[in-house]
Amino acid sequence: MAVAIGFRFFPTEEELVSFYLRNQLQGTRQDMHLVIPVLNIFYDLEPWDLPKLAGELCKGDVEQWFYFTPRQEREARGGRASRTTASGYWKATGSPGFVYSSDDRVIGMKKTMVFYKGKAPNGRKTKWKMNEYRAIEALSDPYVAAPPKLRHEFSLCRVYVASSSSRAFDRRPLEAHNNAATTSGGASGTSLAGGDHYNPAEASEDEFWELVNNLEEHGIGWEQLNEI
């Protein structure tokens, strides 16, 4: 299955969450692993070793690489996932945000991490970055009000080397994007367009999980979640 010159796997955030991640969670479409393999990238491998382990159809990519990452055993037991490799560690940066569909529905969450070489907390920051996406569980009964939950079995990770260029992965209508950006603040804000190259102030891991545990407090209407 050769890909012609000029064609690249360049999905939007909506496509990553609503199609690829959801199909992985449902155990369907095994052919997706030709572009997004299943790989534990957080503590088994260094970031610079990941490009050569990309999906078969994305071996030639030089900008970004994608992986499905399974939930760690320690995380399933209620602990915190390990982000440490032999040479360094991944550290969350900025505030986590929601991932939106093109019609402005909340479909998932995203956080950005930066890789540091050395031991925490005195590691040296590198240009290796990652966006980790998790899907929000769809409600099976539209008439039952229940708090939204994140799916933890798998996350989808986009790995790349930071640069000065800007790419918009969030392709919601411009008007909806601007409204969300001006009315939302802090951890409850929208995922940023071009967020792969955004370098905000660093945040603690706890900030992400606080947002996850309080999803229902951040203005996600039930009528939106029922359509996810």
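Predicted model: local features only at pLDDT ≥ 70, side-chain atom pairs only at ≥ 80, totals over all residues.
An α-helix has 3.6 residues a turn, so residues three or four places apart point the same way. After the helix comes G27, whose phi is positive, near 75°.

The strands pair in antiparallel fashion in the cases described here. Strand β5 covers residues 154-161. Seven of the eight residues in β5 are buried, and the strand is mostly covered. Two partners of β5 can be named. Strand β1, residues 64-70, is joined to β5 by seven bridges, and the two run antiparallel. Within this pairing, P70 has F154 of β5 as its bridge partner. Strand β4, residues 124-135, is joined to β5 by six bridges, again with the strands antiparallel. Here W128 stands opposite V161 in β5. N131 likewise stands opposite R158 in β5.

Strand β4 also pairs with β3. Nine bridges join β3 to β4, and these strands run antiparallel. K111 has E132 of β4 as its bridge partner. Nine of the twelve residues of β4 are buried, so the strand is largely enclosed by the rest of the structure. In a regular strand the side chains alternate between the two faces of the sheet.

The hairpin of β3 and β4 has six residues between the strands. In this hairpin G118 takes a positive phi, near 105°. The loop between β3 (106-117) and β4 also holds P121. The peptide bond from A120 to P121 is cis, with omega near 5°.

Two nonpolar cores were identified. The largest has 18 residues. Those with the most contacts inside it are F9, Y20, L21, I36, F68 and L156. Helix α1 gives the most, with five residues. A second, separate core has 15 residues, including A54, W65, A92 and W128.

L156 illustrates the contacts around the largest core, where it is among the residues with the most contacts. Leaving out residues up to four places away in sequence, L156 touches L16, Y20, L21, I36, F66, Y67, F68, N131, E132 and Y133.

W90 lies in strand β2, residues 88-100. W90 is buried, with a relative accessible area of 4%. That value falls under the 20% cut-off, and W90 therefore counts as buried. With residues up to four places away in sequence not counted, W90 touches I41, F42, P47, R83, M113, V114, F115, W128, K129 and M130. V114, one of these contacts, is 24 residues from W90 in sequence. In space the two are 5.5 Å apart, C-alpha to C-alpha.

R29 is in the loop between α1 and β1. R29 is partly exposed, with a relative accessible area of 41%. D104 lies in the loop between β2 and β3.

C58 is buried, with a relative accessible area of 4%. C157 is buried too, with a relative accessible area of 0%. A disulfide is a covalent bond between the sulfur atoms of two cysteines. Such a pair needs sulfur atoms within 2.5 Å. By this rule the count of disulfides is zero.

Notes: Residues numbered from 1 in each chain as written. Heavy atoms only, no water. Buried < 20%, exposed > 50% of the residue type's maximum accessible area, 1.4 Å probe, protein only. Helix = DSSP H or I, 4+ residues; strand = E, 2+ residues; numbered from the N terminus. Pairing = 2+ DSSP bridges. Core = buried A, V, L, I, M, F, W, Y, C linked by side-chain atoms within 4.5 Å. Contact = heavy atoms within 4.5 Å.
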